[in-house]
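Dear colleague,

Please find below the structure that I am handing over to you. My findings follow directly after it.

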Amino acid sequence: MWLRLLRPFQLGGAKIVFETATLSEPGGREDNEDSVGYRMADGLGCWALADGLGGHRGGAVASRVAVDAVISSFEENPSIVEDALNTLILRANRAVLDRQAAEPELAQMRTTMALLIASPEAAMWAHAGDSRLYWLRNGRIQEQTKDDSVPQRLADAGEISADQIRFHEDRSRLLNSLGAREPVVASSRKMPGAPEPNDAFLLASDGFWECVTEAEMESDFGAATSSKAWIGKMEARVKQRALADHDNYSAIAVRVLKKRGRD
């Protein structure tokens with residue numbers, strides 16, 4: 001298991017810091033087609049998670065190419081405006097398309113994406129496919145992304161409940177992904193106001209969130225003293241519930257902490 005806790009980052013003269021833990025496991029599969037990555041640059045943070053689509057050759061390549069493209073593009077031009085968020089998604093999509101063109105045997109590879117950029121002043125996120133982002137404040141989920149999937153559309157139409165998305169027979173039928181077309185249409189959202197101490201973000205692939213309910217995410221957050229502990233408690237639920245052939249599962253946990261020491 002890869003689980004890593006970074007020391008909190010001090011961003012400029014701000015009074016908050018970000019604490020990050022990541023996890024990516026093959027589950028019951030031979031290969032892990034998920035990828036995660038993050039970077040801090042010029043007082044900004046960027047976190048990315050991708051899930052290469054099963055059934056397509058090169059899912060692992062697609063997810064890694066997409067995450068690497070996001071991180072590289074962010075390092076070249078750290079920014080936290082909406083256009084920058086869109087640029088990161090488009091760069092990731094272009095990188096997957098370029099790899100498809102260069103290696104015809106990978107022409108059908110696709111990947112989802114969940115992406116967060118944040119600073120002490122703002123936070124915004126985007127996603128394509130069914131990798132999710134959750135934003136918590138005071139231990140409660142304030143917002144979560146909506147899957148680009150058939151069952152999500154059914155839930156939006158009132159034909160099924162949101163809880164029924166998790167194990168719906170058509171849950172793997174995605175309506176959007178990177179590598180499928182250009183320009184990719186990614187849903188984006190900006191946090192109202194600035195991040196506050198005790199805010200948190202969770203980026204998760206479907207192999208992770210399908211085994212952990214939103215109420216459990218909140219409960220485990222409240223019982224944890226760090227991002228590492230939070231993600232560890234949730235992973236324990238995945239392991240307990242996953243079947244032998246369970247999908248790859250990955251997550252990134254980010255907590256906003258009050259900076260210690262003098263202002």
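**Findings**

Thr87 counts as partly exposed because its relative accessibility is 33% (buried means under 20% relative accessible area, exposed over 50%, and partly exposed in between, with a 1.4 Å probe and protein chains only). The model is a predicted one, in which local features need pLDDT of at least 70 and side-chain atom pairs count only at pLDDT 80 or more, while totals for chains, interfaces and linings use all residues. Residues are numbered from 1 along each chain as its sequence is written, and side-chain values use heavy atoms, with hydrogens and water left out.

Thr87 belongs to helix α2 (helices, H or I of at least four residues, and strands, E of at least two, are DSSP runs numbered from the N terminus). Its C-alpha atom is separated by 9.2 Å from that of Phe74, 13 residues apart along the chain.

Turning to the sheet, 5 strands form an open sheet in the order β4-β5-β6-β7-β10, with antiparallel pairing (two strands pair if DSSP finds at least two bridges between them). Its edge strands, each pairing on one side only, are β4 (34–41) and β10 (187–190). From one strand to the next, the twist averages 10° (axes are lines fitted to C-alpha atoms, for helices over the stretch in contact, and angles run from 0 to 180 degrees between N-to-C directions).

Within this sheet, β5 (residues 44–51) and β6 (residues 113–118) pair in the antiparallel sense over 5 bridges. Gly45 stands opposite Ala118 in β6. Helix α2 (residues 82–102) packs on the sheet and touches β5, β6, β7 (123–128) and β10 (contact means heavy atoms within 4.5 Å). The direction of α2 makes about 145° with that of β6. Helix α1 (residues 59–76) lies across β4, β5 and β6, running at about 5° to β4.

A further region concerns helix α5 (residues 214–223), whose buried residues are Glu214, Glu216, Met217, Glu218, Asp220 and Phe221. Among the elements that cover these buried residues are β8 (132–137), α4 (206–209) and α6 (227–241).

How do α5 and α6 cross, and at what angle? Their axes come within 8 Å and cross at roughly 135°. That makes α5 oblique to α6 (angles under 35 degrees count as roughly parallel, over 145 as roughly antiparallel, 65 to 115 as roughly perpendicular and the rest as oblique). In their contact, Glu216, Met217, Asp220, Phe221 and Ala223 of α5 meet Trp230, Lys233, Met234, Arg237 and Arg241 of α6.

Yours sincerely
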